[in-house]
Amino acid sequence: MIHYRKILELHAEGISLRGITASTGHSRQKVTEVINLAEKKGLVCPLEEVMTSQWIEEFLFPEKTLESSGRQPLKFDYIHKELARPNVTLSLLHHEYEVECRTNNKIPYSYRSFVCHYSKYADKYKATLRIRRKPGEIMEVDWAGSTAFIIDRDTGEKVKAYVYVATLPCSQLAYAEATLSMDLHSWITAHNHAYEYFGGVTQIVVPDNLKTGVTKHTSRELVLNPTYKEMADHYGTVVMPARVRTPKDKASVEGSVGVISTWIIAALRNSHCFSLDELNKEVRVKLDEFNQRPFTRKEGCRFSAFEEEEKFALSPLPLTPYKISEWKTAKVRPDYHISVESMFYSVPYEYINQQVEIKLSNDFVEILFNHMRVASHKRLYGKFGQVTICQTITNYS
């Protein structure tokens, strides 16, 4: 039996390869292989009592145990990587494994043994188990129940700051940001910043049924706020709100909200910040500390789990972040204009008395009828009652 534990302990003490070879009686090549593989798989000293040489061998060379059974060994790394792909299941991978065995005249493991061996491998080696959560699939978002505060420089009054929280359930990596409002603009802006922090986009976003994002959600109908839907389309993701009174639909963010309320909001209770930027700098410091805190029941931390398990599965960010737009409706007046915040914008006369949709951005006003753009204007600011006339649009989009 190779003295795996002794090799790793001597290496941790700074003993040279020659010294380890002389002490254990193993070849220098074997000692180097064990040390390199242990470092690659994150097995470092001090070792726990249960980590005997037998345990370490199964951890470093899981295929050895399977080879002795006479059956086709399992490619654990391949299985683990394939499970990250959309719609790939252990059942599908076992079927492909059986086909490969028949082709090579090998004896396959049964499905039950296949799942059992992989589960042991994932529990022992990987920070997260993808049988339950696929990496890059979901981002859960919510407002924390507790609030932070900033201090008004002029009055000394404490001003509430609301904390947005986003969590990736697979790696448990979290993002937090303070805002002065829970309105739509703050909600969308926080999403933009969360995607920047994670460096990519998940396939699905799971929010609560807050009114800023979800207009209507029943068992038969889901109506998203148009701006929120437009943001999701920009990032190539899908918004799937949690079912009403079903907290398990976003259990990860519910858990993170509680923990972040302690490790960020409560930790900043004695801090005196005089601006939102100043507060968010403090929040970022505490957030990084939170994501770097070691797990209590497994190796690593949220950040290391994300780097190893989930980062590769995120979709790339678009070239530019989403620029928020506000949507309104209006009826075209008899003078073929619509009124938006006491400014008047013209519409082709054939739409008089028709209900139109209005898309407002910081720079432009777009007017749509039946989802087709019929007029576009530069947005007016300043004196109330200004009027602008558009050119006829022949290219509808």
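## Basis

This is a predicted model, in which local features need pLDDT of at least 70, side-chain atom pairs count only at pLDDT 80 or more, and totals for chains, interfaces and linings use all residues. Residues are numbered from 1 along each chain as its sequence is written, and side-chain values use heavy atoms, with hydrogens and water left out.

## Overall make-up

The protein chain has 13 helices and 14 strands. Helices (H or I, at least four residues) and strands (E, at least two) are DSSP runs, numbered from the N terminus. The chain holds 397 residues, and 43% of them count as buried. Buried means under 20% relative accessible area, exposed over 50%, and partly exposed in between, with a 1.4 Å probe and protein chains only. Contact means heavy atoms within 4.5 Å. Among contacts in the chain with a separation of 6 or more, 60% join residues 24 or more positions apart.

## The sheet and β3

Five strands make an open sheet. Their order is β3-β2-β1-β4-β7, and the pairing is mixed. Strands pair if DSSP finds at least two bridges between them.

β2 and β3 are antiparallel and share six bridges. Along the pairing, Ala166 has Tyr175 of β3 as its bridge partner. Tyr162 stands opposite Thr179 in β3.

In a regular strand the side chains alternate between the two faces of the sheet. How many of the six residues of β3 are buried? Six of six are. One side carries Ala174, Ala176 and Ala178. The other carries Tyr175, Glu177 and Thr179. Both faces are covered.

α12 lies across β1, β2 and β3. Its direction is at about 165 degrees to β3.

## The nonpolar core

In soluble globular proteins, nonpolar side chains tend to be buried together. A nonpolar core here is a set of buried Ala, Val, Leu, Ile, Met, Phe, Trp, Tyr and Cys residues joined through side-chain atoms within 4.5 Å. The largest one has 44 residues. Met139, Tyr164, Phe198 and Leu279 touch the most other members. Strands β1 (138–151), β2 (158–167) and β3 (174–179) each give two or more residues to this core, as do helices α9 (184–198), α10 (226–235), α11 (251–265) and α12 (276–292). α9 gives the most, with seven residues.

Leu279 touches Ala148, Phe149, Ile150, Ala161, Ala178, Leu268 and Cys273, not counting residues up to four places away in sequence.

Two packed helices are described by the angle between their axes and the distance between the axes. Axes are lines fitted to C-alpha atoms, for helices over the stretch in contact, and angles run from 0 to 180 degrees between N-to-C directions.

| Pair | Angle | Axis distance |
|---|---|---|
| α1 (residues 4–12) and α3 (residues 28–40) | about 75 degrees | 10 Å |
| α2 (residues 17–24) and α3 | roughly 110 degrees | within 9 Å |

The angle makes α1 roughly perpendicular to α3. The α2 angle makes α2 roughly perpendicular to α3 too. That class covers 65 to 115 degrees; under 35 counts as roughly parallel, over 145 as roughly antiparallel, and the rest as oblique.

From α2, Leu17, Ile20, Thr21 and Thr24 meet Arg28, Val31, Thr32 and Ile35 of α3. This contact divides into four nonpolar, three polar and one charged residue. Ala, Val, Leu, Ile, Met, Phe, Trp, Tyr, Cys and Pro count as nonpolar, Asp, Glu, Lys and Arg as charged, and the others, Gly among them, as polar.

From α1, Tyr4, Ile7, Leu8 and His11 meet Lys30, Val31, Val34, Ile35, Ala38 and Glu39 of α3. Here the count is seven nonpolar, one polar and two charged.

## Two residues

Arg28 lies in α3. Its relative accessibility is 49%, so Arg28 counts as partly exposed. Leaving aside neighbours within four places in sequence, Arg28 is in contact with Leu17 and Thr21.

Pro108 sits in the loop between α7 (90–103) and α8 (111–125). Its relative accessible area is 26%, so Pro108 is partly exposed. Pro108 and Gln72 are 36 residues apart in sequence, yet 5.6 Å apart from C-alpha to C-alpha.
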